[in-house]
Amino acid sequence: MSGRSLHAEICRDGAEFGRLGPEWAALYARCATATPFQSHAWLHSWWLSYGRPGALRVVLVRRTDGTLVAAAPLMRAAGPLPVLTQLGGTITDFTDVLLDDGCPDAVPALAEALARAARGALIDLREVRPGAAAERVFDAWHGPRRRLADSLCLELPAVPMEALLERIPSGKAQRVRAKLRKLDALGIDEHIVPAPEVPAALGRLLKLHQLQWQGRGVTAEHTSERFAQHLARAVRPMVECGDAMVTEFRLAGDVVAADLTLMSRRLAGGYLYGADPALRARKVDVATMLLRHGARETSASGRATLSMLRGTEPYKHHWRPETVPNQRLLLGVRSSAPLLWLRAGAAAGRRWAARQAREREWLGRALGRLPGRTPNGGGG
């Protein structure tokens, strides 16, 4: 273990993980790159909804006085292969470890502790944001390692709406201003939900989310009871400590839209929203309404980044955001090196296949627009 004053341990018990809340929160506050997805409220709630008995492997590094200076929230992945992956699963946009910014020895100490905890397993860290604490562990790693591309995220500077409008062509900006005037004329009120009212507001948000996507392929997990329970447990304490904000949008007293935004020291990101389809009939641009609210709240709080989180949907590109690729970090020891290369090769193969599929789709659309051809590429 690097640093004589540090020692490592592994938490394998869910109840023990739950009791780590106060000291986890203190470490979270001392890690400048942490995102809301590394908060104890989010991770422990996720474990209660999605964890598997016997799989928990939370690696902790402490000073001799017991102060927690590093933590890696891991679990044994399902399946026959020996793989450790991070808590949070597919509903988590950014994963990371926590490192005390005031303790330089925490980096090599956590790297050594992870190597011992792996015991021949591969450590597979998905959706690592650039600049994350996990990058420092990757740099300090002595065994086999690989850095791969993961999901793409889109980000905007945290500035008021008028400054965001300056990023887009003047004609489009004028159309957005007209949409905003329509919102104001309708009299839609914004209500930031206080912590005691959050559970009921989340229930309304999830109902609106399902209603909004009805018949259009809603993400199945967002309709599940375990997801609802996870949000109900996690979000209220996150609101209480400033890591989350729930907003309801009301028209004539009725809640017609709701939004959940997650926040850290540096960024805020719209995580989930729901909107009554009746707003579309009124020609309300819900995305613009949410963006104006998010831009105002994020810029007023002094944060630097308004993240659109994972996904590159076309409507997000209207604002000319910066594309920020998440990373996948593979860390191995000598015995897990073959698995590392196998997993890296499989990931590269999937990326190649996805790229080929996108190119075929683009070519198909292009051929469909050529004179003398039908949309399926045949002769006209």
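The model is a predicted one. Its largest pocket has a volume of about 1,300 Å³. By the counting rule used, there is 1 cavity of 30 Å³ or more. Helix 4 and helix 5 pack at about 70°, while helix 7 and helix 11 cross at roughly 85°.

**Helix packing**

- Two packed helices are described by the angle between their axes and the distance between the axes.
- Helix 4 spans residues 106-118 and helix 5 spans residues 133-140. Their axes lie 9 Å apart, at an angle of about 70°.
- Angles of 65 to 115 degrees count as roughly perpendicular, and helix 4 and helix 5 are therefore roughly perpendicular to each other.
- Helix 4 makes this contact through Val107, Leu110, Ala111 and Leu114. Helix 5 contributes Arg136, Val137 and Ala140.
- By class, the contact of helix 4 with helix 5 has 6 nonpolar residues, 1 charged residue and no polar ones.
- Helix 7 covers residues 170-186 and helix 11 covers residues 286-300. Their axes come within 10 Å and cross at roughly 85°.
- That angle makes helix 7 roughly perpendicular to helix 11.
- On the helix 7 side, the residues are Val176, Lys179, Leu180, Leu183 and Asp184. They meet Thr288, Met289 and Arg292 in helix 11.
- The contact of helix 7 with helix 11 has 4 nonpolar, 1 polar and 3 charged residues.

**Largest pocket**

- The volume of the largest pocket is about 1,300 Å³.
- Its lining consists of 45 residues. Tyr273, Leu290, Glu313, Tyr315 and Lys316 lie nearest the centre of the pocket.
- Several elements each supply at least two lining residues. The helices are helix 7, helix 8 (198-213), helix 11 and helix 12 (314-317). The strands are strand 10 (254-263), strand 11 (267-275) and strand 12 (305-310).
- Helix 11 gives the most to this lining, with 7 residues.
- By class, the lining of the largest pocket has 19 nonpolar, 14 polar and 12 charged residues.

**Second largest pocket**

- About 450 Å³ of space lies in the second largest pocket.
- This pocket is lined by 18 residues. Thr85, Gln86, Gly89, Thr90 and Arg126 lie nearest its centre.
- Helix 3 (40-50), strand 4 (83-86) and strand 6 (122-128) each supply at least two residues of the lining.
- The lining of the second largest pocket has 6 nonpolar, 5 polar and 7 charged residues.

**Cavity**

- The largest cavity holds about 40 Å³ of space.
- Phe37, Gln38, Leu43, Pro73, Gln86, Leu87, Thr92, Phe94, Thr95 and Asp96 line the largest cavity.
- By class, this lining has 5 nonpolar, 4 polar and 1 charged residues.
- Gln86 lines the largest cavity, and Gln86 is also among the residues nearest the centre of the second largest pocket.

**Arginine 52**

- Arginine 52 sits in the loop between helix 3 and strand 2 (56-63).
- Its relative accessible area is 29%, and arginine 52 is partly exposed.
- Leaving out residues up to four places away in sequence, arginine 52 touches Trp47, Met75, Arg76, Ala77 and Ala78.
- Arginine 52 and arginine 76 are 24 residues apart in sequence. In space they are 8.8 Å apart, C-alpha to C-alpha.

Methods:
Residues numbered from 1 in each chain as written. Predicted model: local features only at pLDDT ≥ 70, side-chain atom pairs only at ≥ 80, totals over all residues. Heavy atoms only, no water. Axes fitted to C-alpha atoms, helices over the stretch in contact; angles between N-to-C directions. Helix = DSSP H or I, 4+ residues; strand = E, 2+ residues; numbered from the N terminus. Parallel < 35°, antiparallel > 145°, perpendicular 65-115°, else oblique. Contact = heavy atoms within 4.5 Å. Nonpolar A, V, L, I, M, F, W, Y, C, P; charged D, E, K, R; others polar. 1 Å grid on protein atoms, 1.4 Å probe; cavity = no way out; pocket = protein on both sides within 12 Å on 5 of 7 lines; lining within 4 Å. Points joined across faces, edges and corners; volume = space filled by probe spheres on them. Buried < 20%, exposed > 50% of the residue type's maximum accessible area, 1.4 Å probe, protein only.
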